[in-house]
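Colleague: I am new to this structure and would like to go through it with you. Could we look at it together?

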Amino acid sequence: MEFDNLDDLRVLLATADTGSLTAAGRRCGLSTAAVSAAMKRLESALGARLFDRTTRSLRPTAEGEVMVDHARRALDLVAEGQAKVRGERGELAGTIHITASSAMSQRLLAGWLGEFAALHPKLEIDLQVSDSWLDLVKDGVDLALRNGPLPDSTLAARLLAPAHRQAFASPEFLSRQGTPGHPAELSELDCIIGRLRGRRLDRWRFTPRAQGCEPFDVPVHGRLACDNAAVALQWARQGRGIVYLSEVDLHEPVKRGEMTRLFDGFDGEAAPLYAVLPSHRFTPHRVKVLVDALAAWFASRT
């Protein structure tokens with residue numbers, strides 16, 4: 001029996017990526033029974049068991065890993081051909097699954113993505129707002145916008161905007177508490193403590209811009225803490241403390257006079273903004289076009 005069903009290959013990849021028939025069904029828009037039937041068809045056609053089944057998850061066998069790798073390459077080639085044909089016609093179609101932080105989504109992306117979608121009527125945008133880093137492969141994400149530095153991985157990344165974390169406060173807070181002249185004074189002021197991927201950000205790093213100066217950490221304190229940058233920014237706008245966030249996220253509030261950047265002679269921790277993609281091998285044309293447009297937009301804001 002020969003295999004000739006691309007849909008079953010897509011189900012195979014979804015099962016391998018998620019480790020679950022149910023999760024694979026959600027990704028592919030199928031019932032769990034339909035996913036199970038697809039796996040049985042594949043195994044019957046190939047004459048090999050593709051997954052070891054446990055009570056909690058599915059893991060590819062040695063034969064399954066070979067098939068998953070070749071199936072991924074085969075579907076990449078098909079997608080690349082489709083992208084070239086659509087690109088030659090000058091139209092974008094399909095869905096782009098994107099994930100970004102809450103602050104970036106609310107302050108920057110919501111308006112821009114809406115305008116981008118309006119320019120491409122056949123394109124669908126699916127934005128997942130999360131301050132946690134999703135697994136791009138497992139969660140079926142085409143593009144993640146992440147502040148670096150990034151860990152080494154098999155993912156592909158493109159720099160969109162070099163940036164740093166900086167200290168910001170509202171004009172109301174500064175009029176009440178005074179404007180600090182040096183980062184060391186933060187230890188005596190109310191700060192809003194963030195958490196990033198499980199790490200509590202209660203020591204803020206600063207590097208003087210003067211040549212030859214070493215970076216230093218400032219321990220900070222405050223009654224308010226959260227792992228959501230949008231909430232932290234809202235508290236800061238209300239005058240409840242100083243925040244340590246990426247200057248990319250604060251571009252518009254600073255421009256409108258809602259927030260003030262502190263310590264012009266210092267840079268905080270590096271937080272460059274990257275477009276992160278799940279594969280080095282193939283990126284759909286629609287995703288390439290979106291990333292190019294987003295890079296141009298960020299460049300125009302500097």
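Colleague: Which side chain does the side chain of Asp267 join in a polar contact?

Modeller: Gln166 is the partner, and the polar contact spans 3.1 Å. A polar contact here is a pair of N or O atoms within 3.5 Å; within protein, one must be able to donate a hydrogen and the other to accept it, and residues adjacent in sequence count only if both atoms are side-chain atoms. Please note that this is a predicted model, in which local features need pLDDT of at least 70, side-chain atom pairs count only at pLDDT 80 or more, and totals for chains, interfaces and linings use all residues. Residues are numbered from 1 along each chain as its sequence is written, and side-chain values use heavy atoms, with hydrogens and water left out.

Colleague: Is Asp267 buried or exposed?

Modeller: Asp267 is buried, because its relative accessible area is 16%. Buried means under 20% relative accessible area, exposed over 50%, and partly exposed in between (1.4 Å probe, protein chains only).

Colleague: Where is Asp267 found, and what does Asp267 touch?

Modeller: Asp267 belongs to strand 15, residues 266–268. Helices (H or I, at least four residues) and strands (E, at least two) are DSSP runs, numbered from the N terminus. Leaving aside residues up to four places away in sequence, Asp267 touches His164, Arg165, Gln166, Arg205, Phe206, Thr207, Arg209 and Arg261. Contact means heavy atoms within 4.5 Å.

Colleague: Let us change topic. What order do the strands take in the open sheet of five strands?

Modeller: The order is 4-3-5-16-6, with mixed pairing. Strand 4 (123–129) and strand 6 (156–161) are the edge strands, each pairing on one side only. Two strands pair if DSSP finds at least two bridges between them. From one strand to the next, the twist averages 25 degrees.

Colleague: How many bridges join strand 3 to strand 4?

Modeller: Seven bridges do, and the two strands run parallel. Within that pair, His97 stands opposite Asp126 in strand 4.

Colleague: Which strands does helix 5 lie across?

Modeller: Helix 5 (residues 102–119) lies across strand 3, strand 4, strand 5 and strand 16, and runs at about 175 degrees to strand 4. Axes are lines fitted to C-alpha atoms, for helices over the stretch in contact, and angles run from 0 to 180 degrees between N-to-C directions. Helix 9 (residues 285–301) lies across strand 3, strand 4, strand 5, strand 6 and strand 16, at about 25 degrees to strand 6.

Colleague: And what is the order in the open sheet of three strands?

Modeller: That order is 9-8-12, again with mixed pairing. Strand 9 (199–201) and strand 12 (221–226) each have a single partner strand, so one side of each is left without a neighbour in the sheet. Strand 8 (residues 190–196) and strand 12 run parallel and are joined by four bridges.

Colleague: How many disulfides does the structure hold?

Modeller: The structure holds zero disulfides; a disulfide is a pair of cysteine sulfur atoms within 2.5 Å. For Cys191, the nearest cysteine sulfur is that of Cys226, 13 Å away.

Colleague: Why does Cys191 count as buried?

Modeller: Cys191 counts as buried because its relative accessibility is 2%. Cys28, at 31% relative accessibility, counts as partly exposed.

Colleague: Lastly, which residue caps the N-terminal end of helix 2?

Modeller: Ser20 caps that end, with a side-chain oxygen 3.2 Å from the backbone nitrogen of Thr22. Just after helix 2, Gly29 takes a positive phi of about 70 degrees. The buried residues of helix 2 (residues 21–28) are Ala23, Ala24 and Gly25, and these pack against helix 1 (6–18) and helix 3 (32–46).
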